[in-house]
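Please keep the structure in view while reading.

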Amino acid sequence: MKAIAVDGPSGAGKSTMVKGIAQKLGYVYVDTGAIYRAVGLFAAEADIPRDTIKDVIPRLDEINVNLTYEDGVQKVYLNGKDVSSEIRTPEISLYASAVSALPEVRSKLLDLQRDIARKNNVIMDGRDIGTVVLPNADVKIFLTASAEERARRRYNELIGKGENVTYEQTLKEVIERDTNDENRAVAPLRPAEDAVIVDTTGRTKEESLALLFAEVEKRLGI
């Protein structure tokens, strides 16, 4: 099976870009961030504060996360409930960052991610796919953009959904998540040594997708 690993910070456009490439190649798209968001949602619903997030560790056996593909769309189930929409709020984004810093959580979810890659041609995005989850991936991409650019994209997305947010608050949350992801003790966000870095700052979705796909084609030899 072939594997493409795409890492990068929150809001870099990974999901959008990776979905496009998965469709072009006929690969299974795996949004690993959604898995961590589901764990974060569990913690939030259990009233576990982010500053005491370690309190979720004794309850990990209560968490069952599954990914399914319905009409080509990834669905995320937490303990049998479809939470695909609920995990996409700014609050759960910060919870996801908090739980992802816990070695116990990462260990629990690692086998799930690798098992999908063993059974399918995959393009998988996240924070540590090329460095930890799939270190032998055929292609490794580190997709990034400036914090301001990523905050602007996220702000426009949330406003489009009717959320009551400000650009300043969105930028603050993006920077906070970057800090958490880059400085955690386990599997910090960083490019793999053999990853190609693709910066989408100032590029349209179409331009970014074309640039990313060109790199994938070159590295896969297609």
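The sections below treat a sheet, a glutamine, a helix, ring contacts and salt bridges in turn.

## Basis of the report

The model is predicted: local features need pLDDT of at least 70, side-chain atom pairs count only at pLDDT 80 or more, and totals for chains, interfaces and linings use all residues. Residues are numbered from 1 along each chain as its sequence is written, and side-chain values use heavy atoms, with hydrogens and water left out.

Helices (H or I, at least four residues) and strands (E, at least two) are DSSP runs, numbered from the N terminus. A residue is called buried under 20% relative accessible area, exposed over 50%, and partly exposed in between (1.4 Å probe, protein chains only).

## A sheet and its glutamine

Three strands, in the order β3-β4-β5, make up an open sheet with antiparallel pairing. Because β3 (65–70) and β5 (81–82) stand at the edges with a single partner strand each, one side of each has no neighbour in the sheet. Two strands are said to pair if DSSP finds at least two bridges between them. The antiparallel strands β4 and β5 are joined by two bridges. Leucine 78 has lysine 81, in β5, as its bridge partner.

Where does glutamine 74 lie? Its place is in strand β4 (residues 73–78). With a relative accessibility of 14%, glutamine 74 counts as buried. A polar atom of the glutamine 74 side chain lies 3.1 Å from the backbone nitrogen of aspartate 31. Contact here means heavy atoms within 4.5 Å. When residues up to four places away in sequence are not counted, glutamine 74 touches Tyr29, Val30, Asp31, Ala34, Leu67, Thr68, Tyr69 and Ser84.

## A covered helix

How many residues of helix α3 are buried? Helix α3 (residues 90–100) is mostly covered, with 10 of its 11 residues buried. Among them are Pro90, Ile92, Leu94, Tyr95 and Val99. The buried residues of α3 pack against α2 (32–45), α4, α6 and α7.

Helix α7 also contains lysine 172. Lysine 172 is exposed, with a relative accessible area of 54%. The C-alpha atoms of lysine 172 and methionine 124 are separated by 27 Å, and these residues are 48 residues apart along the chain.

## Contacts of aromatic rings

A pair of aromatic rings is described by the distance of the centres and the angle of the planes. Rings of Phe, Tyr and Trp (its six-membered ring) pair if their centres lie within 6.5 Å; planes under 30 degrees apart count as stacked, over 60 as edge-to-face and the rest as tilted. A search of the whole structure finds one aromatic pair. The ring centres of tyrosine 155 and tyrosine 167 are 6.4 Å apart and the ring planes stand at 90°, so the pair is edge-to-face. This pair links distant parts of the chain, 12 residues apart: tyrosine 155 belongs to helix α6 (residues 147–160) and tyrosine 167 to helix α7 (residues 167–183). Tyrosine 155 is partly exposed at 25% relative accessible area, and tyrosine 167 is partly exposed at 26%.

A charge sits over a ring if NZ of Lys or CZ of Arg is within 6 Å of the ring centre and within 35 degrees of the ring normal. Lysine 24 lies over the face of phenylalanine 213, at 5.0 Å from the ring centre.

## Salt bridges

Side chains of opposite charge can pair when their charged atoms come close. A salt bridge is a side-chain nitrogen of Lys or Arg within 4 Å of a carboxyl oxygen of Asp or Glu. The whole structure holds 18 salt bridges, and the table gives examples.

| Aspartate 128 | Arginine 106 | 2.6 Å |

Aspartate 128 forms its salt bridge with arginine 106. Aspartate 128 lies in the loop between β6 (122–126) and α5 (129–133) and arginine 106 in helix α4 (residues 103–119), so the pair ties together parts 22 residues apart in sequence. Both aspartate 128 and arginine 106 are buried.

Since aspartate 181 lies in helix α7 and arginine 127 in the loop between β6 and α5, the pair ties together parts 54 residues apart in sequence. Aspartate 181 is buried at 1% relative accessible area, and arginine 127 is buried at 12%. A network of salt bridges links Arg127, Arg177, Asp181 and Arg184.

Note on methods
Polar contact = N/O pair within 3.5 Å; in protein donor to acceptor, adjacent residues only side chain to side chain.
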